[in-house]
Amino acid sequence: MQIRFAAQHPAGDHSLVVPIAGTARAALERFGAAKTGIDAALKRQRFDGEPGASAEHYLDSDGGRRLLLVGIGSDALTGEGAERLGGTVTARLLTSGEREAVIDLGGIPVSADFAARVALGAMLRSWRHDRYRTRLKDKLKPTLATITIVGAPDGAEARWAERYAPLAEGVFLTRELVAEPANIIYPESFVERVRHLTELGVEIRVLGEDEMAKLGMGALLGVSQGSVRDAQLLVMSWNGGEPGATPTVFVGKGVTFDTGGISIKPAQNMEMMKWDMGGAGAVAGAIKALAGRKAKANVVGICGLVENMPDGNAQRPGDVVTTMSGQTVEVINTDAEGRLVLCDAITFAQKEFRPKTIVDLATLTGAMVVTFGHEYAGIFANDDKLAADLIKSADASGDKLWRQPLGEAYDRLIDSPIADMKNVGPREAGSITAAQFIQRYVDDGVAWAHLDIAGVAWSDKPSSTYDKGATGYGVRLLDQFIADSVER
Ligand code: BES
Ligand code: MN
Ligand code: ZN
């Protein structure tokens, strides 16, 4: 789908979208004699003008043109409300048969940024993954090819082009990586899907198993041991800031499929574990968004890419592995593999880049889904300012975060009698002990935050900015964080 901004309504066939603020009907005055019919249509459809509400009417006086009325509520429009408006339009018209929709913002007082966010909402909601649906009925195929926004203030189009269009591209990359099945996206093919970022100026370096073995990444490689796929460590560098300035580092868990390994998962819902690379997907998408908008910051994205399989060569419960940091781990449960991948990726990040700030993202624990359901991701941090900055960016971006505790008493729960630590604690506080494990690999003086996104990377139901499936969680948050706290 394509977004255009225009001063005038385009000629040619299109449906017309008019935002309606609650019970106010002033926006309908322009329709003259047709207003009576529109009013009646709104009543019949119990349209209340609240955010998310929509109703249709066909204008006889205008060749039967489809008029779509979308509620925005009676309070001042927020950025979130703007996105919801755009998203509602797309959701309603995507497969309606219409090819173009004109959203007329002329009647509402809206900033350039919010007008651009109407476009963002509309664009984000258009993404679908139909690649393998070869017999999709014509009636179910998307028809909407263009959304034209009319009546936006000056600067809206530039804001869209410079900030939000690249952001949508980043989100789409993440969703694609997350949605693809594990026979298509495995460590090497993940890297290939991300290679095009070099065209945006991103430097890409890939370490294979031999190089990782030389570096002593025994934990990451232990997870990969049962898979015929080679593990990869993907390093993406965007250098848009001061030359030589220390980069901010994002680290993503990229388990392209998580069977649980020898501690195998039950069959029910195991197919979900194709999106156990959602953290890595978010990191790749964020780097794409940042490079796409030429962010004035140095940012490195590191993805630990492995497949967790049971096999004659797979690691066993009770195995002891030595991590790149030198610390040893007793692998009690091969299904607690994400932390084993992250610890070596984080050690690598620190040795290679000496960052002051590390944010890792991971679909790390089922316990996080129990805690928050699908509304919030959990944030664990060793630094209050970093936590506060990320939460502020989360609120602004819509990728919501809620802080969770860390502490010594939790840390003790992963002490092992045979090694420096074990990879699981007791059943209780499972998300926290997972975070404690990662914290043991964070160097003194490094501000670190861990985002457990297990509940938010995938959604079984649509929202105003995504269809059901891959949400793209994390891209908007990381982009906003760089804009708010690093670029300034
Ligand atoms: N990838 C899973 C966590 C997960 C579960 C993500 C559900 C998304 C939805 C992770 O590797 C895992 O298996 N965690 C275990 C840890 C346990 C063995 C300590 C879990 O949460 O059950
Ligand atoms: Mn697992
Ligand atoms: Zn996992």
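Reader: Is Glu211 buried, partly exposed or exposed?

Author: Buried means under 20% relative accessible area, exposed over 50%, and partly exposed in between (1.4 Å probe, protein chains only). Glu211 has 38% relative accessibility, so Glu211 counts as partly exposed. This is a predicted model, in which local features need pLDDT of at least 70 and side-chain atom pairs count only at pLDDT 80 or more, while totals for chains, interfaces and linings use all residues. Residues are numbered from 1 along each chain as its sequence is written, and side-chain values use heavy atoms, with hydrogens and water left out.

Reader: In which helix is Glu211 found?

Author: Helices are DSSP runs (H or I, at least four residues), as are strands (E, at least two), and they are numbered from the N terminus. Glu211 lies in helix α6, which covers residues 209-215. In total, the chain has 14 helices and 19 strands.

Reader: Why is the chain described as being as compact as a globular protein of that length?

Author: The radius of gyration is taken over C-alpha atoms, and the globule rule is 2.2 Å times the number of residues to the power 0.38. Here the radius of gyration is 24 Å, close to the 23 Å that the rule gives for 488 residues, so the chain is as compact as a globular protein of that length. Along the principal axes, its C-alpha atoms fill a box of roughly 85 × 50 × 40 Å.

Reader: What percentage of the residues count as buried?

Author: Of the 488 residues, 57% count as buried. Val446, at 9% relative accessibility, is also counted as buried; Val446 sits in the loop between α13 (430-439) and β17 (447-452).

Terms used. Chains lettered and ligands numbered in written order.
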